[in-house]
Amino acid sequence: MYIETFWMACDSTEQLRAEYGPFHTRAQAEAEARKLGFGYLLRYEHVLDENEEIREVRCIFLELPGAAEAVVPVVPAISLHTRCATCGQSATHDKAWQAEVWADIHEFEHTRHRVRLFEHARGKGLKEIGGWRG
Ligand SMILES: [Zn+2]
């Protein structure tokens, strides 16, 4: 399973927003957004399985900091949490593959433990991702 990412410049987070792109890198999208006076970037993540089928699509908005001297650290809007259903050990990850590696190691080291995966979206809370261990 891997994630394909691309970027759009957009003028708002509303349903009826103007979008421009896609771009392969965040820097390209950001440069274009600034040229157009757009205040947001949109990151699309396609989670692909080993047959290159899209299993999940995620959209993550990033607000561009207004002025260069007021650069705000960008907090990822979505983080991944793994938690072992058996012993309760947990961890946080930025990327899906990191969560998989954590689960692989944990389930290898602890026979019959089962790791669950949760996605945390800002303002939306925690959502379990089912069937992620195929
Ligand atoms: Zn465990």
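A: S79 stands opposite H120 in strand 7. Strands here are DSSP runs of E of at least two residues, and helices are runs of H or I of at least four, both numbered from the N terminus. This is a predicted model, in which local features need pLDDT of at least 70 and side-chain atom pairs count only at pLDDT 80 or more, while totals for chains, interfaces and linings use all residues. Residues are numbered from 1 along each chain as its sequence is written, and side-chain values use heavy atoms, with hydrogens and water left out.

Strand 5 (residues 78-84) and strand 7 run antiparallel and are joined by seven bridges; two strands count as paired if DSSP finds at least two bridges between them. Within this pairing, I78 has A121 of strand 7 as its bridge partner. A121 also stands opposite G125 in strand 8. Strand 7 and strand 8 (residues 125-129) are antiparallel as well, with five bridges joining them. In general, strands of a sheet pair through backbone hydrogen bonds, either parallel or antiparallel.

These pairings belong to an open sheet of four strands in the order 6-5-7-8, with antiparallel pairing. Its edges are strand 6 (90-93) and strand 8, each of which pairs on one side only. From one strand to the next, the twist averages 30°, an angle between axes fitted to C-alpha atoms, for helices over the stretch in contact, and taken between N-to-C directions on a scale from 0 to 180 degrees.

How enclosed is strand 7 (residues 115-121)? Five of its seven residues are buried, so strand 7 is largely enclosed by the rest of the structure. Buried means under 20% relative accessible area, exposed means over 50%, and partly exposed lies in between, with a 1.4 Å probe and protein chains only. Over the chain, buried residues account for 35% of the 134 residues.

R112 is placed in the loop between helix 2 and strand 7. Its phi is near 70°, a positive value in a residue other than glycine, and at 76% relative accessibility R112 counts as exposed. Helix 2 (residues 96-109) contains W97. Together with V101 and I105, W97 forms a nonpolar surface patch with about 290 Å² of accessible area. Such a patch takes residues with over 30% relative accessible area and no salt bridge, nonpolar side chains (Val, Leu, Ile, Met, Phe, Trp, Tyr) being joined within 5 Å and like charges within 9 Å. A salt bridge is a side-chain nitrogen of Lys or Arg within 4 Å of a carboxyl oxygen of Asp or Glu. The areas come from the Shrake-Rupley method with a 1.4 Å probe, and for residues only the protein chains shown count as cover.

Strand 1 (residues 2-10) pairs with strand 2 in the antiparallel sense over three bridges, and Y20 of strand 2 is the bridge partner of A9. P22 also lies in strand 2, and the peptide bond from G21 to P22 is cis, with omega near 0°. The structure holds two aromatic pairs. In one of them, the ring centres of Y20 and F23 are 6.2 Å apart and the planes stand at 40°, so the pair is tilted. Rings of Phe, Tyr and Trp (its six-membered ring) pair if their centres lie within 6.5 Å; planes under 30 degrees apart are stacked, over 60 edge-to-face, and the rest tilted. Y20 is partly exposed at 44% relative accessibility, whereas F23 is buried, with a relative accessible area of 14%.

Finally, E52 is found in the loop between strand 3 (40-48) and strand 4. E52 has a positive phi of about 60° although it is not a glycine, and it counts as exposed at 56% relative accessibility.
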